[in-house]
Structures are given as structure tokens and as C-alpha cells.
Amino acid sequence: MGSNPTPSALLFALLREGEPPVEWIGTVSAPESGPTSWRGRRLDEYTTAMDRALEEACRAAEHGDLPIGAVLIDRGGSIVAADHNRREELGDATAHAEMLVLSAASRASGDWRLDGHTLVATLEPCAMCAMAAVWARVDRIVYGAPDLKAGAVWSLFNIPQDERLNHRCEIVAGVRAEESRELLESFFGAHR
């Protein structure tokens, strides 16, 4: 292809130079309510949930799956579902950690609507998982590392905040991003 980018590549680059419509915990110096909270919620609430998601991610690697974990927390910050990628284990392309926690919580509550809940994942959700979060009506998506190849919360697409959809999710990015990235790098390093 040469060194001259296509018009669509230039447009994409220009769009990505702007500020993303998210709160980037790793780079925001002073969120609305001070350095220890975000819109009335303590950041350590997300850190605790991300700790559990990281534990789940480690379990995925034990059976050859990508080390990605997810948890779902309710309005009070309690974890109502936790799981990890199980695509290899179950032989199911849809067995992503996010899909599994959304399904588990829906079955447990007897309702597909999960408003008031927050989805926490170690890696930026893909298009399938981001759209499932929108369909489930979760209030927000919190993730660790960005996924520049398949991320559909901001990196490639912004499904959760697409104004054409009937529900939009708040986004918090960068919680324990370094640990999430290191897990994936270690996994890929061992499998190459």
C-alpha cells in the first residue's frame, strides 16, 4: 500500500485524535468528585471488582483460554456474577467472560434487564459483548486494557454510546490496565 493513507484511514485517525467519550481512570487527574471517586462511586469499588476479574482471567489460562475475566456488580457494589473466557473449554465461540456473567446474572435474577449493574472486564469488550451489555441495559462498562484489534467500546467502535441505539452505557476505562495487559502478553508469549 505505500506511505499515503487512504481517505478513510485519515478520517479514522482524525476521529481518534479527539477526546474519547469516556472517563479514563489512568489519565484523568481529578474526576468530578475528587481523586477517590467517579460520579459518586469510589474508584476502589472498581479496583476490587477488577481484582476479582483478574483472578478469573488467571483461571482461563489454566485451560488454554485467553486470560480474560469479567464480573458483574449490582448497585451496591456486590459481585453478582464472575467468570472467565471458556471458548476452548466449552468449544463455544460465544463463551466470552462478559457473555457468561451477563447470562448468569440474568438467569439468577429471572430477568434479562440488568439495569443498575456494572460490567467489569479485564479487556475492552468485543462487538458481541459490548452489544450484549447494551441489550442487557447495564448502566456502565468498566474495563482494564484496551483491545486495539477488536475493542468495541472505544478502540474500533463505540457501541455502548451509539446514539442510534435505545440504551447507552457509561464507560470507565483503564482500571488495572497494566496488569490486564501483562496477563495477555504472558499468555501469548508462552503460546508462540
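Predicted model: local features only at pLDDT ≥ 70, side-chain atom pairs only at ≥ 80, totals over all residues.
A residue is called buried when its relative accessible area is under 20%, exposed when that area is over 50%, and partly exposed in between.

**Helix α4 and its neighbours**

In helix α4, the buried residues are Ala97, Glu98, Leu100, Val101, Leu102, Ala105 and Ser106. An α-helix has 3.6 residues a turn, so residues three or four places apart point the same way. The buried residues of α4 pack against β4, β5, β6 and α5 (127–135). The length of the helix can also be checked. Helix α4 (residues 97–109) has 13 residues, which at 1.5 Å a residue should span 18 Å; the C-alpha atoms at its ends are 18 Å apart, in agreement with that expectation. After α4 comes Gly110, which has a positive phi near 75 degrees.

How many of the 5 residues of strand β4 are buried? In β4 (residues 69–73), 5 of the 5 residues are buried, and the strand is therefore largely enclosed by the rest of the structure. Gly69, Val71 and Ile73 point one way from β4, while Ala70 and Leu72 point the other way, and all are buried.

Strand β4 pairs with β5 (residues 79–84) in the antiparallel sense, over 5 bridges. Within this pairing, Val71 has Ala82 of β5 as its bridge partner. The two strands β4 and β5 form a hairpin with 5 residues between them, and Gly77 in the turn has a positive phi of about 90 degrees. Strand β4 also pairs with β6 (residues 118–123), again in the antiparallel sense, over 4 bridges. Here Ile73 stands opposite Thr118 in β6.

In helix α5, Cys129, Ala130, Met131, Ala132, Ala133 and Val134 are buried. The buried residues of α5 pack against α4, β6 and β7. Arg137 follows α5 and has a positive phi, near 65 degrees.

Where is His167 found? His167 lies in the loop between β7 (140–145) and β8 (170–173). Leaving aside residues up to four places away in sequence, His167 touches Val134, Arg137, Val138 and Pro160. The side chain of His167 reaches the backbone oxygen of Val138 at 2.8 Å.

**Cysteines and aromatic rings**

The structure holds 0 disulfides.

A pair of aromatic rings is described by the distance of the centres and the angle of the planes. A search of the whole structure finds 1 aromatic pair. The ring centres of Phe187 and Phe188 are 5.5 Å apart and their planes lie at 75 degrees, so this pair is edge-to-face.

The table gives the accessibility of several residues.

| Residue | Relative accessibility | Class |
|---|---|---|
| Cys58 | 38% | partly exposed |
| Cys129 | 0% | buried |
| His167 | 15% | buried |
| Phe187 | 11% | buried |
| Phe188 | 32% | partly exposed |

Technical notes
Residues numbered from 1 in each chain as written. Heavy atoms only, no water. Disulfide = S-S within 2.5 Å. Buried < 20%, exposed > 50% of the residue type's maximum accessible area, 1.4 Å probe, protein only. Pairing = 2+ DSSP bridges. Phe/Tyr/Trp six-rings, centres within 6.5 Å; stacked < 30°, edge-to-face > 60°. Expected span 1.5 Å × (residues − 1). Contact = heavy atoms within 4.5 Å. Polar contact = N/O pair within 3.5 Å; in protein donor to acceptor, adjacent residues only side chain to side chain.
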